Amino acid sequence: MFLYNITLQRATGITHAIHGNFSGTKMQEIVVSRGKIIELLRPDANTGKVHTLLTVEVFDYIVIGSDSGRIVILEYHPSKNMFEKIHQETFGKSGCRRIVPGQDAAARLTISSPLEAHKANTLVYHVVGVDVGFENPMFACLEMDYEEADSDPTGKLPPTRNRRSPFTSWTSVPGGSDGPSGVLICSENYITYKNFGDQPDIRCPIPRRRNDLDDPERGMIFVCSATHKTKSMFFFLAQTEQGDIFKVTLETDEEMVTEIRLKYFDTIPVATAMCVLKTGFLFVSSEFGNQLLTWVMMTRSPSSPLQCPWRRETPSSSSPAPQEPRAGGRTGELIPHHDLSGQCVSIADLANEDTPQLYVACGRGPRSTLRVLRHGLEVSEMAVSELPGNPNAVWTVRKHVEDEFDAYIIVSFVNATLVLSIGETVEEVTDSGFLGTTPTLSCSLLGEDALVQVYPDGIRHIRADKRVNEWKTPGKKTIVRCAVNQRQVVIALTGGELVYFEMDPSGQLNEYTERKEMSADVVCMSLANVPPGEQRSRFLAVGLVDNTVRIISLDPSDCLQPLSMQALPAQPESLCIVEMGGVEKQDELGEKGTIGFLYLNIGLQNGVLLRTVLDPVTGDLSDTRTRYLGSRPVKLFRVRMQGQEAVLAMSSRSWLSYSYQSRFHLTPLSYETLEYASGFASEQCPEGIVAISTNTLRILALEKLGAVFNQVAFPLQYTPRKFEMVEAAGEDERELAAEMAAAFLNENLPEAIFGAPKAGAGQWASLVRLINPIQGTTLDLVQLEQNEAAFSVAVCRFPNTGDDWYVLVGVARDMILNPRSTPVEDVPLAIAPFQGRILVGVGKLLRIYDLGKKKLLRKCENKHVPNLVTSIHTIGQRVIVTDVSESLFWVRYRRNENQLIIFADDTYPRWVTTACLLDYDTMAAADKFGNISIVRLPPNTSDDVDEDPTGNKALWDRGLLNGASQKAEVIMNYHVGETVLSIQKTTLIPGGSESMVYTTLSGGIGILVPFTSHEDHDFFQHLEMHMRSEFPPLCGRDHLSFRSYYFPVKNVIDGDLCEQFNSMDPHKQKSVAEELDRTPPEVSKKLEDIRTRYAF
């Protein structure tokens, strides 16, 4: 088995964030680290949304320290659309000493470090640079000497030493001319200011909440901080582990700090990083949940009873006045990114949408959510208006070529045309010059300030001064199809005759002297936009009823002459020529522009979309890509997204084809079926879409380009552990269940805002919730008793109870998590239905229970699982059990002897977090270190066990490696780099092949797909080999070493690395493609085909 790994959604959880002027302007941006991913974000001060910037020039440098043992400095080059490594310094894996000096890649920037301070037996927790102005660099280090602890034979010294040094982090104070310098030390219950010289330590206790439900003996610490500095002042924002943010300021007297002032600021979810921007925004990357962008008041606020000044060090018994959490210094909250730090996932098409949905339970505590993920772009509905009838087409036009926004919306009906003006309101106008008594075939801005309307009986040319020129069709012929742009008009008359018009320098629309007779009726046409600096678009695409597309020249030297032809598998429905995949270039005069590639998009009547490359010189068609969109004929419309041309394709579902981050995306819109659309630009919606659906006119906006999924979130009360899919019950059963649940306590506390109190040892709260994942409504909710912790759930049916379904929940009472001294043998972490009974993992015991009259009755037990049963999977008579640290065990149930026998196990220790049954002999498992493995029983193992007549004792007498007699073989090993929490074998697209979908703790979603031919595997194996050498990772990590972090990578090709082929320099692309005996477009097509075959 050979597999190919594809990432569907990158990790959403942020681990680090910094801010600065990376674009070379006064606007501040944010660089965030999402584990393996670096993103450059820009907050929009007008809308409060955050956009990912990968197409702007970044002049500043980004310094990255990673677990590769190297420090790397990156610079962004917009011409290459990628970060470029300009310096790399190699240090040891510990990060404290240098082993191999780095090399200066760009000869511009070096890390100067002539002095190295080595200190033995020292553990470094935190290092911060001290702001000393232009003096010699100075660093403050939070260290622990472990020499005594290392030599202590009892092993009790390290925790004692930790309690004596409870410092958690440092924050550098601005120095030089901006402030007093020094550091703020965050420790348990206190924040302390330290500096050299005569400066005494200033210590201030951390305020606690009034009526706090947390353990009063539990210390309070700051977990996150941010610094804001201007020319005249500076302050700090520090967040406690409860989520309360305090504004910290220092009062000085002649460069000596005299007191620390703490003022309550706000309460938000606990963050991993905060950035205060000069524009007044606070960016917060939450530890669990959505990232937040909030507007904060930066002005000096008057004195408040919530502030807490302290002058000198105070006794440890002192504590400040308790504070009441409230809405503090922020004036609004916006959520730019949705975090998917998932706990458990299920994939099913519960909504009957053909494409399955992903149901993800994620988050922590009262901020937990159940999210429904659908493949598609999120659509914001800006306006919906009813029309007097059912229209058949809609367009938008501008009054002048220099106008930024559209002036008119033209709506065509069967026998009329409606013209709407765009302003503060949208209203009908009658003096636009358009003919309103006839349907419209197309309209456009012509030249600088003229308009053109094409209708069945002619062409109407409307000048800026309202003068109208009309061209009427000859005889009884009518116009059946047309194509227009800024300077050209082409019409097709009945019988397949083409008439070409072009605008001359005076603004007059002139007909070309000759006409073109086509060999068959014309069913669709398309013209590209006129390129900047040119007089015309050179090519006309014409689709004929004989299942062909013809490219016709419009150049004066060979006007209306055929250039190329492509045969189609079905009749074309619509055509659209666009310029996409633009790269910024600079000409000889220094003017910047975007140069892209011409693509002809062909929508067929059988629901298939073809995208083919149109040669800008010869007009030849090549490199055709195919994608099935839906059951209806495909209609194509040109729109603009992020300043570039894109194609909106409409079938039974609407799709958007666009270029984003050097890669083509074809993504469906999560919206109802549309019939016709056009680009729309207004002050409120600069890049929108106006569309029609039945008798309504809709204005839509697409803001989250690049996203694979959109999501709907339903709030939960507690941290989700497990969930199961069940069929809906009848009305009588629901009423009975509602009456039974009415007796349970259901408190509604504002914990979603201020967080839940920290539970003490042995204190738990759990509930069981029945939720409708389509509407998000809670059908039933059962609160468990006090201190009962739910760990597992299963749905099963017992033979002696008819058709009734039972929900079994594994619960532990008064459980204390302490792995050193507390036994956990009685925690039911896993439950699974099995042949009309249930299998339960109780600690390290595997038991079979059956339903008795009053309780579950134990029927069978196996005591040979080493540590802790975490999940149970069943198939036939076979049971596969995962252990918390010892991988997988295969168990056979012998009904006659009523015995559970372990007959095979794995040879590697794996801290399994999730597992999935692939077939009778094969299991996929993931561990907490970020590895995915597939293990399979050898063919003779299954035969021996099924036919072995010797019984239980003979199997155990033949034990191997202190385990079972047979061992499983490792088929695949792959290091994802993020803790995998769920694996499921499923089909993601209608008619697609099965794949293995996994989700990670950081919110990432990926799939592992099997190769169907040795030829494909050989191709991608060689491509991966060339990519490792030609496109190494930015942070200095060897790719093969990373994917083999814990186990050598085996039988998996890294699709993420292979897909970076499209981001390489064209010369490197050509070099790699030649090594593979292919052309670059052929390699790109292979990459796209394997992705669309299994996913999106």
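**Reading the contacts, helix and surface**

Author: A polar contact of 2.7 Å joins the side chains of Asp906 and Arg910. The model is a predicted one. Asp906 is found in the loop between strand E69 (899-905) and strand E70 (912-917).

Reader: Is Asp906 buried or exposed?

Author: A residue is called buried when its relative accessible area is under 20%. Because its relative accessible area is 7%, Asp906 is buried. Setting aside residues up to four places away in sequence, Asp906 touches Ser887, Leu888, Val935, Ala968 and Val970.

Reader: Which side chain is joined to that of Thr870 by a polar contact?

Author: The side chain of Thr882 is the partner, in a polar contact of 2.6 Å. Thr870 belongs to strand E66 (residues 869-875). Apart from its neighbours within four places in sequence, Thr870 is in contact with several residues, among them Lys722, Leu829, Asp883 and Val912.

Reader: How many salt bridges does the structure hold?

Author: Side chains of opposite charge can pair when their charged atoms come close. The structure holds 36 salt bridges. One of the pairs is Glu251 with Arg261, whose closest N and O atoms are 3.6 Å apart. This pair links distant parts of the chain, with Glu251 in strand E18 (residues 244-253) and Arg261 in strand E19 (residues 256-267), 10 residues apart.

Reader: What is the relative accessibility of Glu251, and what is the relative accessible area of Arg261?

Author: The range for partly exposed residues lies between the buried limit of under 20% and the exposed limit of over 50%. Glu251, at 33% relative accessibility, therefore counts as partly exposed. Arg261 is also partly exposed, with a relative accessible area of 23%.

Reader: With which residue does Glu470 form a salt bridge, and which distance separates the closest N and O atoms?

Author: Glu470 forms a salt bridge with Lys472, and the closest N and O atoms are 3.7 Å apart. Glu470 is partly exposed, having a relative accessible area of 40%.

Reader: Are Arg1091 and Glu1059 buried or exposed?

Author: Both Arg1091 and Glu1059 are buried. Their side chains meet in a salt bridge of 2.8 Å, N to O. Arg1091 lies in helix H11 and Glu1059 in helix H9, so the pair ties together parts that are 32 residues apart in sequence.

Reader: Which residues are linked in a network of salt bridges?

Author: Such a network links Lys477, Glu497, Glu511 and Arg515.

Reader: What does helix H7 span from its first C-alpha to its last?

Author: Helix H7 (residues 1014-1030) has 17 residues and reaches 24 Å, close to the 24 Å expected at 1.5 Å a residue.

Reader: Which residues of H7 are buried, and what covers them?

Author: The buried residues of H7 are Asp1016, His1017, Phe1019, Phe1020, Leu1023, Glu1024, His1026 and Met1027. Their cover includes strand E1 (3-9), H8, E78, helix H9 (1055-1059), helix H10 (1066-1075) and helix H11 (1080-1094).

Reader: Which residues make the nonpolar surface patch?

Author: Residues in a patch have over 30% relative accessible area. Trp911, Phe929, Tyr1045 and Tyr1046 make a nonpolar surface patch of about 380 Å². Tyr1045 is partly exposed, with a relative accessible area of 32%. Tyr1045 is in the loop between helix H8 (1039-1043) and strand E78 (1052-1054).

How values were computed: Residues numbered from 1 in each chain as written. Predicted model: local features only at pLDDT ≥ 70, side-chain atom pairs only at ≥ 80, totals over all residues. Heavy atoms only, no water. Patch = residues over 30% accessible without salt bridge, like charges linked within 9 Å, V, L, I, M, F, W, Y side chains within 5 Å. Areas by Shrake-Rupley, 256 points an atom, 1.4 Å probe, with all protein chains shown as cover. Salt bridge = Lys/Arg side-chain N within 4 Å of Asp/Glu carboxyl O. Helix = DSSP H or I, 4+ residues; strand = E, 2+ residues; numbered from the N terminus. Buried < 20%, exposed > 50% of the residue type's maximum accessible area, 1.4 Å probe, protein only. Polar contact = N/O pair within 3.5 Å; in protein donor to acceptor, adjacent residues only side chain to side chain. Contact = heavy atoms within 4.5 Å. Expected span 1.5 Å × (residues − 1).
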